[in-house]
Amino acid sequence: MQSSILLGSEEVARRAQRLYDEQIRQEVEREENIGKMVIIDIETGDYAVDKMG
């Protein structure tokens, strides 16, 4: 059985920012992504870039 832990919005934001800064930024900050959103799974580190989120 997998336990589920609820995180506050500040903790979610902190984890996402850390992943972005350390692993994702260099991959997504490109001209073709200007105006798009980066959606980050804070548990796996997976991410997607999308215009609509």
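**Entry 1: ground rules**

I number residues from 1 along each chain as its sequence is written, and my side-chain values use heavy atoms, with hydrogens and water left out. The model is predicted, so local features need pLDDT of at least 70, side-chain atom pairs count only at pLDDT 80 or more, and totals for chains, interfaces and linings use all residues.

I searched the whole structure for salt bridges and got four. A salt bridge here is a side-chain nitrogen of Lys or Arg within 4 Å of a carboxyl oxygen of Asp or Glu. Side chains of opposite charge can pair when their charged atoms come close.

I looked up Arg 14 next. Its side chain meets that of Glu 11 in a salt bridge, at 2.5 Å from N to O. Both residues lie in helix H1, three residues apart, about one turn of the helix. Helix H1 covers residues 9-28. Helices (H or I, at least four residues) and strands (E, at least two) are DSSP runs, numbered from the N terminus.

How covered are these two side chains? I noted the classes first: buried means under 20% relative accessible area, exposed over 50%, and partly exposed in between (1.4 Å probe, protein chains only). Arg 14 is partly exposed, with a relative accessible area of 43%. Glu 11 is also partly exposed, at 24%.

Glu 11, Arg 14 and Arg 15 are joined in a network of salt bridges.

**Entry 2: Arg 25 and its partners**

Which side chains does Arg 25 meet in salt bridges? One is Asp 21, at 2.4 Å from N to O. Another is Glu 29, at 3.1 Å from N to O.

Why are Asp 21 and Arg 25 about one helical turn apart? They are separated by that much because they sit four residues apart in helix H1.

I checked the exposure of each residue. Asp 21 is partly exposed at 40% relative accessibility. Arg 25 is partly exposed at 32%. Glu 29 is partly exposed at 48%.

**Entry 3: a nonpolar patch**

Ile 5, Leu 7 and Val 12 make one of about 250 Å². Patches are made of residues with over 30% relative accessible area and no salt bridge; like charges are joined within 9 Å, and nonpolar side chains (Val, Leu, Ile, Met, Phe, Trp, Tyr) within 5 Å. The areas come from the Shrake-Rupley method with a 1.4 Å probe, and for residues only the protein chains shown count as cover.

I stayed with Val 12, which is found in helix H1. Val 12 is partly exposed, with a relative accessible area of 33%. Leaving out residues up to four places away in sequence, Val 12 touches Leu 7 and Ile 42. Contact means heavy atoms within 4.5 Å. Val 12 and Ile 42 are 30 residues apart in sequence, yet 7.2 Å apart in space, C-alpha to C-alpha.

**Entry 4: the hairpin**

I moved on to the strands. E1 and E2 pair in the antiparallel sense over four bridges; two strands pair if DSSP finds at least two bridges between them. What is the bridge partner of Ile 40 in E2? I found Tyr 47.

Asp 41 lies in the loop between strand E1 (37-40) and strand E2 (47-50). Asp 41 is partly exposed, at 34% relative accessible area. A polar atom of the Asp 41 side chain lies 2.8 Å from the backbone nitrogen of Glu 43. Setting aside neighbours within four places in sequence, Asp 41 is in contact with Leu 19 and Asp 46. I also took its distance to Arg 15: 26 residues in sequence and 9.6 Å in space, C-alpha to C-alpha.

**Entry 5: Asn 33**

I ended in the loop between H1 and E1, where Asn 33 is found. Is Asn 33 buried or exposed? Asn 33 counts as buried, at 16% relative accessibility. Not counting residues up to four places away in sequence, Asn 33 touches Val 28 and Val 49.

Methods
Polar contact = N/O pair within 3.5 Å; in protein donor to acceptor, adjacent residues only side chain to side chain.
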